[in-house]
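We will go from stop to stop, selecting as we go.

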Amino acid sequence: MYYVSTHYRLFAMMSIFAMVVIFAGCRSEKIEDFTALNLSVEYEHEPNNLPVGSDAPIPRLAWEVAGPRGVEQGAYRVVASKNREALESGLDETLESGNDWVWDSGRVESGQSVHLPWRGAPLEVETTYHWRVHLWEKGGKPGEWSKPASFTTAIPDHSTYWKGVWIGPNYNESKVTRAEDLPRAKALGRPGPLLRRDFTVDGEITNARLHVAGLGYYELYINGERVGERVLDPGISNYERTILYSTYDVTDLLSAGENAIGAALGRGWFGLPTENVWLWEQAPWWSDPQLLLQLNINFADGTSTSIVSNELWTMTDGPTRFDCLYTGEIFDARVDKPGWTESGYDASGWENAPVAEAPGGSLIPQRMPPVGVANTLEPKEIMQPGDGIYIFDLGQIIAGWVELTVEGPAGTVVTMTMGEKLHDDGTVNIETDHIAEPIQTDQYVLKGEGTEVWEPRFSYKGFRYVQVEGYPGEPDRNTLRGKHVHTRFDVNHDSRFECSNNLLNRIHENTQWAYRNNHHSLPTDTPKLEKNGWMGDAQITAMTGMYNYDMALFYTKWLRDIADSQLESGELPTIVPTSGWSYEGSDGWRAVQGPTPGWDAAYMLIPWWMYEFYGDKQILETHYDGMKLYLGWLQEYADNHIVEVGLGDWGGAPLTGADSEVAITSTAYYYRFARVLGDAAALLGKMDEAVEWGELANTIRDTFNAKFFDEERGYYRTGAHDEYLQTSNVFPLAFGMVPGSHKEEVVGNLVHDIMETHGGRLNTATLGTKYLLTVLSGHGHHEVAYTVATQTDFPGWGHWIVNNRTSLLEFWHLDSRSWNHHFLGVIDEWFYKHLAGIQVGAPGFENIIIAPKPANDLDWVHGRVNSIRGIVESNWKLVGGGIHLDVTIPGNATASIEIPDLGHYKIWVKESGETIWDGEEQVNTLPAGIKSVIREDNRFVVKTGGGKYTFELQGVGE
């Protein structure tokens with residue numbers, strides 16, 4: 001364990017004495033309501049599983065700063081103890097000895113309030129720490145102590161701490177049975193195992209923490225009570241490299257005397273049984289379900305004990321006769337085991353649990369929001385296309401599953417088939433050529449004892465419609481409930497967008513549905529057909545996700561998945577994790593073997609975007625070498641700096657039917673990667689490498705322009721296509737590759753193609769759409785972007801809305817293969833950045849740009865982003881020829897607020913009723929928090945500190 005040394009304790013006491021002396025002369029009047037709020041460690045409030053050990057990263061602290069408008073943090077003091085009472089009883093300048101103090105930073109002259117490294121005593125294993133923060137503003141006046149917060153450390157992957165072994169079935173052919181009596185069950189039936197153990201607790205419990213990895217998925221019980229609310233846990237990983245485990249505080253579930261613990265296991269990605277084109281059934285780690293568990297119990301007398309997974313556990317086949325993420329589940333209630341999770345259960349017929357071979361990956365705490373049930377949907381309509389066939393319409397495409405309520409004779413089989421579409425005959429359409437059928441089909445076999453309620457445990461589906469067959473009697477709307485399930489990065493996070501154009505509101509809602517539906521511990525491409533972590537889908541909507549949700553821990557986890565999947569050569573697969581599919585020379589689709597820059601971009605760009613959005617420099621430090629390794633691999637495929645491999649603008653130009661020229665997008669990404677790597681190298685102090693990558697980027701740009709830019713026509717083209725392609729011109733504009741003297745011409749030709757050639761419609765697909773609207777708004781053509789965004793003719797988001805789609809489609813065509821994709825949800829990024837005008841001015845929102853852009857018929861916009869520093873808001877409304885703008889800037893941040901002058905010649909600007917611009921110039925005395933007001937081009941730029949501001953702009957003349 002990592003104990004505080006005697007030397008450290010002496011040093012700490014000396015530091016405390018020194019602080020007494022220092023603070024004795026530093027008393028001054030406190031600033032009311034100036035304090036630190038929402039204390040967090042590694043992006044999480046009250047985390048219970050922070051990694052510790054010599055190879056674990058140092059935890060980083062953060063807090064939000066609250067106080068009077070314009071106040072800025074000038075200094076901080078952090079104190080931490082293993083004794084919460086010492087913190088809760090209040091603090092002055094002295095710290096009493098004997099309270100297990102582990103850190104007193106003293107007064108540190110710094111404005112840093114995010115990513116502050118822990119500099120206290122080395123952290124011990126499985127220990128809870130409590131901490132508070134005291135702030136001073138820049139003038140030296142103190143604020144108030146924050147409320148106490150806490151964090152708890154995990155246990156590292158070491159035999160010193162993990163005492164149990166992996167247990168679980170090892171099915172051989174004699175144990176494999178076919179479920180031939182059940183319709184549609186074509187796969188081998190390998191029952192999900194149940195494992196349990198009785199144990200005795202002697203003594204008064206002070207706390208009990210349970211650590212569990214159940215592969216592929218687990219559901220855990222103590223004394224008949226379900227442990228936690230997580231589902232589909234743990235998250236998928238490359239099990240040969242990394243295994244995630246979850247931690248629970250189960251103190252309240254235990255009692256003195258006899259206790260029992262039980263686990264039901266499912267296959268998940270660990271032992272997926274159904275044949276599929278991505279070869280998951282051939283994954284190198286493939287195995288039957290298995291469990292590793294450790295329950296650590298501490299007693300009031302200072303002793304402790306552990307209940308671990310080992311040969312003392314017993315096991316039997318459970319009522320889940322078959323489970324597969326693609327196929328669905330078969331549950332036979334006739335062989336359920338009532339009471340099996342309770343103490344005193346007669347398990348005499350159970351066998352001793354076999355010891356299983358360890359999967360091989362490093363065991364690490366699962367540091368991301370868990371998958372959970374977000375809400376429950378009731379059916380909107382029930383249809384009957386045939387005898388005994390009922391179709392339930394939830395009215396909304398979701399990812400998740402169905403809860404069934406039924407009553408009938410024992411042995412009755414109810415089959416539920418879920419899909420996004422209906423056939424012409426009204427039945428559910430689940431056709432696929434990628435997976436051995438059936439897919440998305442659950443079967444429940446009735447026990448025959450009164451009302452039975454059941455929902456699956458170990459699979460999820462993408463669907464709006466549920467086809468029910470074999471139901472005893474006639475179902476009603478109480479028969480089914482849809483459970484919406486996704487990674488819960490939305491909990492305690494309140495970003496939002498709303499505006500006066502209801503079409504855009506509907507697009508925003510559909511984007512959120514699509515995004516949530518496609519995140520289940522990894523970013524997927526469709527919850528119905530694939531469930532794979534396609535890197536292109538993820539990188540395209542990463543910024544949309546960051547604006548809407550708390551994505552920091554999610555992407556941190558998934559970037560580790562990418563690193564785990566990278567080969568020594570630098571090669572990356574296109575889906576992460578992968579069974580081995582898409583590596584060069586593997587079985588499968590040849591088009592994605594070798595570099596696929598628009599997809600590989602996830603590893604090159606998401607770390608940089610995390611640095612921009614969250615101020616997270618550490619994520620770049622962690623992955624810089626892997627990013628560099630990848631770019632070296634990509635260089636091998638560049639012919640005179642032109643890359644002609646990849647998928648291009650996947651889906652092709654919808655109006656002309658032209659395939660996007662691969663060389664344009666792949667080479668543009670090659671340039672962007674070199675530029676990002678150079679910027680990252682400079683940030684990390686690797687100046688020689690920064691110069692090297694910068695020079696490479698310049699060479700790629702010059703070669704790109706020489707090959708693709710048609711100076712005579714003023715746009716980018718390739719030899720493969722005579723017609724104008726919007727994507728080919730959007731990319732060099734988005735990445736800053738266009739020669740300055742030609743930029744206006746290139747933008748003009750793009751606008752002409754959109755407005756004149758195609759009647760205000762886009763002609764981009766997967767990659768091009770990512771940047772189209774932001775390029776238009778960013779280059780002075782916001783009205784054109786708005787026209788494209790509100791287009792209801794094909795192709796466009798509005799075309800889906802008027803045709804009653806409730807999520808986002810894979811392609812612009814209404815008959816797209818998937819109706820539940822997220823990679824065209826990039827319009828949401830534009831909503832926040834340009835309609836609400838919320839943009840990052842400096843990494844981690846240290847500086848914020850508020851630059852709303854009214855357009856056409858848009859009367860008002862409400863935008864809100866939950867940034868790492870606190871709430872950022874931009875709410876504007878056009879009023880009587882002027883504009884009313886309410887802005888919220890978090891404490892300890894600065895802002896540049898750009899208020900459009902709406903074309904007026906003479907302007908008056910007020911803030912909270914006080915004039916700050918009197919028609920021609922800034923007034924002499926500005927309200928608190930406002931630093932300056934200047935007029936630039938067609939807008940006013942107001943520099944502020946943190947706080948809430950209300951601006952009113954009125955003007956005369958054109």
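Helices (H or I, at least four residues) and strands (E, at least two) are runs assigned by DSSP and numbered from the N terminus. This is a predicted model, in which local features need pLDDT of at least 70, side-chain atom pairs count only at pLDDT 80 or more, and totals for chains, interfaces and linings use all residues. Residues are numbered from 1 along each chain as its sequence is written, and side-chain values use heavy atoms, with hydrogens and water left out.

**Stop 1: the second largest pocket**

Select Pro-51, Asp-55, Pro-57, Ile-364 and Arg-560. Of the 40 residues that line the second largest pocket, these lie nearest its centre. Strand E22 (362–365), helix H6 (552–565) and helix H8 (617–635) each give two or more residues to that lining. Which element gives the largest share of the lining? H8 does, with six residues.

The search runs on a 1 Å grid over the protein atoms alone. A pocket is an open set of points with protein on both sides within 12 Å along at least five of seven lines; a cavity is a set where a 1.4 Å probe fits but cannot get out; lining residues have an atom within 4 Å of a point. Points are joined across faces, edges and corners, and a volume is the space filled by probe spheres set on them.

The second largest pocket holds about 1,100 Å³ of space. Colour its lining by class: 21 residues are nonpolar, ten polar and nine charged. Here Ala, Val, Leu, Ile, Met, Phe, Trp, Tyr, Cys and Pro count as nonpolar, Asp, Glu, Lys and Arg as charged, and the others, Gly among them, as polar.

**Stop 2: Asp-564**

Stay on helix H6 and pick Asp-564. Is Asp-564 buried or exposed? Asp-564 counts as buried, because its relative accessibility is 9%. Buried means under 20% relative accessible area, exposed over 50%, and partly exposed in between (1.4 Å probe, protein chains only). Now show Asn-238, Arg-241 and Thr-242. Asp-564 is in contact with these three, leaving aside its neighbours within four places in sequence. Contact means heavy atoms within 4.5 Å.

**Stop 3: helix H10**

Select residues 687–708. This is helix H10, with 22 residues. From first C-alpha to last, H10 reaches 31 Å, close to the 32 Å expected at 1.5 Å a residue. The expected span is 1.5 Å times one less than the number of residues.

Highlight the buried residues of H10, including Trp-693, Leu-696, Ile-700, Phe-704 and Phe-708. An α-helix has 3.6 residues a turn, so residues three or four places apart point the same way. Then show what covers the buried residues of H10: among the elements are H8, helix H9 (662–683) and helix H11 (726–734).

**Stop 4: the largest cavity**

The structure holds four cavities of 30 Å³ or more. The largest cavity has about 50 Å³ of space. Select its lining, which includes Asp-649, Ser-660, Leu-725, Gln-726 and Asn-763. By class, the lining of the largest cavity has three nonpolar, seven polar and one charged residue.

**Stop 5**

Most residues other than glycine have a negative phi, and most peptide bonds are trans. Go to Glu-437 and Pro-438, joined by a cis peptide bond with omega about 5°. Pro-438 lies in the loop between strand E28 (428–429) and strand E29 (441–445). Next, Val-576 and Pro-577: a cis bond again, with omega about -10°. Pro-577 is in the loop between H6 and helix H7 (597–614).

For positive phi, pick Glu-46, near 55°. Glu-46 lies in the loop between strand E1 (35–41) and strand E2 (60–66). Ser-912 has a positive phi of about 50°, in the loop between strand E44 (906–911) and strand E45 (914–919).

**Stop 6: cysteines and Arg-935**

How many disulfides does the structure hold? Zero, where a disulfide is a pair of cysteine sulfur atoms within 2.5 Å. Cys-324 is buried, at 1% relative accessible area. Cys-499 is buried too, at 2%.

End on Arg-935 in strand E46 (residues 930–936). Arg-935 is partly exposed at 30%. Show its contacts beyond four places in sequence, among them Asp-901, Tyr-905 and Trp-917. Finally, draw a line to Glu-381: the two C-alpha atoms, of Arg-935 and Glu-381, are 57 Å apart.
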